[in-house]
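Look at the structure first, then read the points by topic.

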Amino acid sequence: MKIFDSHAHYDDAKFDEDRESVLENIYDAGVEKVVSAGYSLESSYESIKLSEKYEFIYSTCGISPNDIPDTVEKLQEQILELECLVKQNKKVVAIGEIGLDYYWNKENKELQKKAFIMQIELANKYNLPIVIHTREAIQDTIDVLKNVELPEKKGVFHCCPLNIELVKQALKLGFYISFAGPVTFKNSKNANDIIDIVPLDKMLIETDSPYLSPEPKRGTRNTSANLVYIINKIATQKELSPEEVANITYDNAKKIFL
Ligand code: NI
């Protein structure tokens, strides 16, 4: 079985003690590709460093809605710096994570939208897909996407909220849906219905590690080795073998990112 983790944060401090051995272990466990997701300038730099050190790691660069600065001027400066990173590094495979988050930040909605739109424009300029983070901002996220020119490769709703209307709209716009730990949670009531409506050719899997460990590892540090639980969940619901789910999601991720 070969596995593609489409979104992880191995630059996180939770891996400082044993990053090297964790990455060796997941590779041995069949995780042949990982996208290390940037969410700020600093983490974008760190993700690129990881992609330079490990052949099987690729990176995204972006400033998440929770990491944007407090003024438009500073935002423009940061995006210029981001552009330099994107231009110089061949293993940057997407712009992200970018989007809207009204759960953590309700006070700067307009600036969040501006940052989102500016980074979609950056993706267009370099012909890269986008990786979207959205939390308690579903309608505004869809509205932004409907009103901009989208990159040719569209992008991914990372750790997609388990909201049927959002998933339908995202699919209609041509986006991939990436499933993370929450699809395995016992209290995720919509998980089965959502797995049902996402076609196999639009499905990705991710850990968002070190966060969001799937059942039965919930509450522990997450690594890509735990993707088997997400694969098994999807396989049961779609009546496929785990191997088929791993291969299909691997090919999908390859298609959009590589
Ligand atoms: Ni993330």
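Phe-4, Tyr-250 and Phe-257 are linked into a cluster by ring pairs. The model is predicted, so local features need pLDDT of at least 70 and side-chain atom pairs count only at pLDDT 80 or more, while totals for chains, interfaces and linings use all residues. Residues are numbered from 1 along each chain as its sequence is written, and side-chain values use heavy atoms, with hydrogens and water left out.

**Aromatic rings**

- A pair of aromatic rings is described by the distance of the centres and the angle of the planes.
- Rings of Phe, Tyr and Trp (its six-membered ring) pair if their centres lie within 6.5 Å; planes under 30 degrees apart count as stacked, over 60 as edge-to-face and the rest as tilted.
- The count by this rule is 7 aromatic pairs.
- In one of them, Phe-4 and Tyr-250, the ring centres are 5.7 Å apart and the planes lie at 65°, so the pair is edge-to-face.
- This pair links distant parts of the chain, with Phe-4 in strand β1 (residues 3-8) and Tyr-250 in helix α9 (residues 242-257), 246 residues apart.
- Helices (H or I, at least four residues) and strands (E, at least two) are DSSP runs, numbered from the N terminus.
- Phe-4 is buried at 0% relative accessibility, and Tyr-250 is buried at 4%.
- Buried means under 20% relative accessible area, exposed over 50% and partly exposed in between (1.4 Å probe, protein chains only).

**Nickel site**

- His-7 (NE2), His-9 (NE2), Glu-97 (OE) and Asp-208 (OD) coordinate the nickel ion at 2.1 to 2.3 Å.
- Glu-97 in strand β4 and Asp-208 in the loop between β8 (203-205) and α8 (227-238) are 111 residues apart, so this pair links distant parts of the chain.
- Donors are N, O and S atoms within 2.8 Å of the metal (3.2 Å for Na, K and Ca); water is not among the atoms, so sites may look incomplete.
- Glu-97 is buried, with a relative accessible area of 6%, and Asp-208 is buried with 10%.

**Largest pocket**

- A pocket is an open set of points on a 1 Å grid over the protein atoms alone, where a 1.4 Å probe fits, with protein on both sides within 12 Å along at least five of seven lines; lining residues have an atom within 4 Å of a point.
- The largest pocket is lined by 30 residues, and those nearest its centre are His-133, Arg-135, Cys-159, Asp-208 and Leu-212.
- β5 gives the largest share of this lining, 3 residues.
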